[in-house]
Amino acid sequence: METFGSRLHRAMAERGPLCVGIDPHPALLARWGLSDDLAGLTRFSRTVVDALGDRVAVVKPQSAFFERFGSQGLAVLESIIRQLRTAGALVLLDVKRGDIGSTVAAYADAYLDPSSPLHVDAVTASPFLGVGALAPMFDAARAHGGGVFVLALTSNPEGASVQRARSADGRTVAQTVIDEISQLNEGARPLGSFGLVVGATIGETGHDLSKVNGPLLAPGLGAQGGRAADLRTVFGDELSTVLPSYSREVLGAGPDPAALRAAADRVLVDCRSALTAAGQ
């Protein structure tokens with residue numbers, strides 16, 4: 001079975017290093033002239049899928065914006081997951097799940113088991129009950145060729161008080177997370193399947209990412225203030241494994257599909273320029 005890391009490496013090479021979110025929040029639906037209801041959610045999501053599913057390497061639906069419509073919203077999510085995968089995009093579901101024991105195992109079954117209607121290529125996860133508590137997710141990813149992106153250094157200002165706190169051995173909590181994920185990817189080629197989430201707006205991190213050997217998801221670009229050029233500051237010599245992520249910067253160009261494609265192409269050019277600037 002081909003690993004997620006291998007599929008992601010190929011997708012980034014073929015389609016370019018870009019992840020686009022699907023975040024149908026009320027303000028964006030209104031900007032598109034859509035109602036904040038199931039019909040608006042459905043039309044928004046399908047437009048994005050039709051415009052970008054066959055050209056973007058990774059598409060990242062934010063689960064919460066579908067969950068708020070209950071079971072019918074989840075049915076829309078299930079549908080677009082299938083459509084995206086048929087179009088050749090890798091699907092990274094932004095759920096940020098984290099728990100212990102049988103509960104985290106159930107999350108793994110929901111998102112990483114091919115028999116589930118919510119089966120995706122990869123998920124985001126929170127490690128703040130301990131990275132080891134996510135072991136059932138890691139095991140499911142290995143068994144089914146999936147991936148897990150673990151929060152490490154996020155862009156939100158509230159995150160620093162936890163992520164940059166220091167443990168007894170002097171490392172920050174974030175560095176501990178980085179080191180444990182690095183161990184999971186040891187020896188993987190061409191890329192490990194376990195990634196980290198590192199915000200594009202945080203500047204010089206002061207953390208060592210050199211041994212991760214896995215994808216580094218960089219949200220916060222575009223409308224959240226991050227620029228493609230900032231990636232060089234945040235990631236330094238590790239640019240080759242960075243997956244830049246945009247949402248509103250691209251989605252705001254809708255609802256015209258051609259405008260969505262043009263916006264995605266524009267930010268991809270910026271990302272390619274930033275990620276190759278240091279000779280990567």
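Trp-32 is buried, at 7% relative accessibility; buried means under 20% relative accessible area, exposed over 50% and partly exposed in between, with a 1.4 Å probe and protein chains only. This is a predicted model, in which local features need pLDDT of at least 70, side-chain atom pairs count only at pLDDT 80 or more, and totals for chains, interfaces and linings use all residues. Residues are numbered from 1 along each chain as its sequence is written, and side-chain values use heavy atoms, with hydrogens and water left out.

A pair of aromatic rings is described by the distance of the centres and the angle of the planes. Rings of Phe, Tyr and Trp (its six-membered ring) pair if their centres lie within 6.5 Å; planes under 30 degrees apart count as stacked, over 60 as edge-to-face and the rest as tilted. The count by this rule is four aromatic pairs. Two of them are listed here.

| Pair | Centre to centre | Angle between planes | Type |
|---|---|---|---|
| Trp-32 and Phe-44 | 4.3 Å | 45 degrees | tilted |
| Phe-138 and Phe-194 | 5.2 Å | 75 degrees | edge-to-face |

Phe-138 in helix H7 (residues 135–144) and Phe-194 in strand E6 (residues 194–198) are 56 residues apart, and their pair links distant parts of the chain. Helices (H or I, at least four residues) and strands (E, at least two) are DSSP runs, numbered from the N terminus. Phe-138 is buried, with a relative accessible area of 4%, and Phe-194 is buried at 4% relative accessibility. Phe-44 is buried too, at 0%.

Ser-245 belongs to strand E8 (residues 242–246) and is buried, with a relative accessible area of 3%.
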